[in-house]
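Subject: Structure handover

Hello,

Here is the structure I promised. Please open it alongside this note, and read the findings below when you have a minute.

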Amino acid sequence: MANVQDLYRRYANAIAQLDFATLESIIHRDFVLDYPQSGERFRGFASFRAQLENYPGGIPAAPAGDPTAKVVGDDDRWAMSPGYTVLPLAGPERFTSISRVPYPDGTRWWVVAILTVKDDQIVQSETYFAPEFDPPEWRKDMVEIVPRD
Amino acid sequence: MTFDARQLFERFARAISDRDVVTIRGLVHPDFVGFYPQSGERFGSDLFVTQLEQYPTGPREPVSDVPPVRVVSDDGRWVITPAYTVVPLVEPSKYTAVTSAVYPDGSEWHIVIMVELREGLIYRSDSYFAPVLPAPLGDSMPSRRG
């Protein structure tokens, strides 16, 4: 099983750099990309590539090494056998990536993707786009505000 | 171990919808920290409850239908030992939960929550709120509305 941190890093960098050769090597032949917010579904690498190539203003992408980017659900997993030996488990089949990307209009959005891995490739992505917003007035004194930059 | 994370999250979602602070307090860890990365807001369990109690929608009746909660990474996991016995795996502690909500202004949002559990309770939650959007690419791209 592929290391998901490495797989995600290669996937994100290939998108940011429009490196379609690398991207195609990472994308499973049964790849499906869903945007639940708009109901769009892209099937296969060609469909995904067409979207990236035609994105108005250039594809928004997190800069390489973005400290806000992270992967959730990639913890090493293990099991205890009846003989009390610890057995490492294969990597997870699904994980969640989080990154923050700048758009051509200057806004920044959090991108949360639930990714499924099959045959060491990404076979499914369910991606959500969440805009930044200011803390609402009515509760801003109830919470701690963490600087976003 | 037969811990059911989905059931926990569904109870949590129902309690939030009903503003059932007693149940909420019973489901969150004493050291709970919630975070809204989009606005930078961070809060503990007391402020979380206060926030729910003071949410500016006015008095309302509890809704009968709470959107379903889908939990990612709660698959039953197992491993085959060298002796070919099947051993269940220790449950994961981190989950991604996906649900949706309709706000008082009628807008629909997807909510994706990264949850970390400790001692069977919600210990950390990072919540992302994603609005329903029109498909910007229309029919000009090889996609389809799902």
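Among contacts in chain B between residues at least 6 apart in sequence, what percentage join residues at least 24 apart? The answer is 48%. A contact here is two residues whose C-beta atoms, placed from the backbone, lie within 7 Å. For chain A, with contacts again taken between residues at least 6 apart, 49% join residues at least 24 apart.

Two notes before the details. This is a predicted model, in which local features need pLDDT of at least 70, side-chain atom pairs count only at pLDDT 80 or more, and totals for chains, interfaces and linings use all residues. Residues are numbered from 1 along each chain as its sequence is written, while chains are lettered from A and ligands numbered from 1 in the order in which they are written.

The two chains

Chain A has three helices and nine strands. Along its sequence they run α-α-β-β-α-β-β-β-β-β-β-β. Chain B has three helices and nine strands, and from the N terminus its pattern is α-α-β-β-α-β-β-β-β-β-β-β. Helices (H or I, at least four residues) and strands (E, at least two) are DSSP runs, numbered from the N terminus.

Of the 149 residues in chain A, 29% are buried. Of the 146 residues in chain B, 24% are buried. Buried means 20 or more other C-beta atoms within 10 Å of the residue's own; exposed means 12 or fewer; partly exposed is in between, with C-beta atoms placed from the backbone.

Helix α1 of chain A

This helix covers residues 4-16, so to speak for 13 residues. Its first and last C-alpha atoms are 18 Å apart, close to the 18 Å expected at 1.5 Å a residue. The expected span is 1.5 Å times one less than the number of residues.

Which residues of α1(A) are buried? They are A:Val4, A:Leu7, A:Tyr8, A:Tyr11, A:Ala12, A:Ala14 and A:Ile15. Seen down the axis of α1(A), these buried residues fall within an arc of 160 degrees, so they line one face of the helix. The arc is that of the directions from the helix axis to the C-beta atoms. The buried residues pack against α2 (20-26), α3 (44-54), β3 (70-72), β6 (94-102), β7 (108-118) and β8 (121-131) of chain A. Just after α1(A), A:Leu18 takes a positive phi of about 50 degrees.

The sheet

Seven strands form an open sheet with mixed pairing. The order is β9(A)-β2(B)-β1(B)-β8(B)-β7(B)-β6(B)-β3(B). The edge strands, each pairing on one side only, are β9 (144-145) of chain A and β3 (70-72) of chain B. Two strands pair if DSSP finds at least two bridges between them.

Strand β6 (residues 94-102) of chain B runs antiparallel to β7(B), joined by nine bridges. B:Thr99 has B:Ile111 in β7(B) as its bridge partner. Helix α3 (residues 45-53) of chain B packs on the sheet and touches β1 (28-36) and β2 (41-44) of chain B. Its direction makes about 110 degrees with that of β2(B). Axes are lines fitted to C-alpha atoms, for helices over the stretch in contact, and angles run from 0 to 180 degrees between N-to-C directions.

Two loop residues

A:Asp119 lies in the loop between β7 and β8 of chain A. Its phi is near 55 degrees, a positive value in a residue other than glycine. A:Asp119 is exposed, with 11 other C-beta atoms within 10 Å.

In chain B, B:Glu119 lies in the loop between β7 (108-118) and β8 (121-131). Phi of B:Glu119 is near 55 degrees, again positive in a residue other than glycine. B:Glu119 is exposed, with 8 other C-beta atoms within 10 Å.

Best wishes
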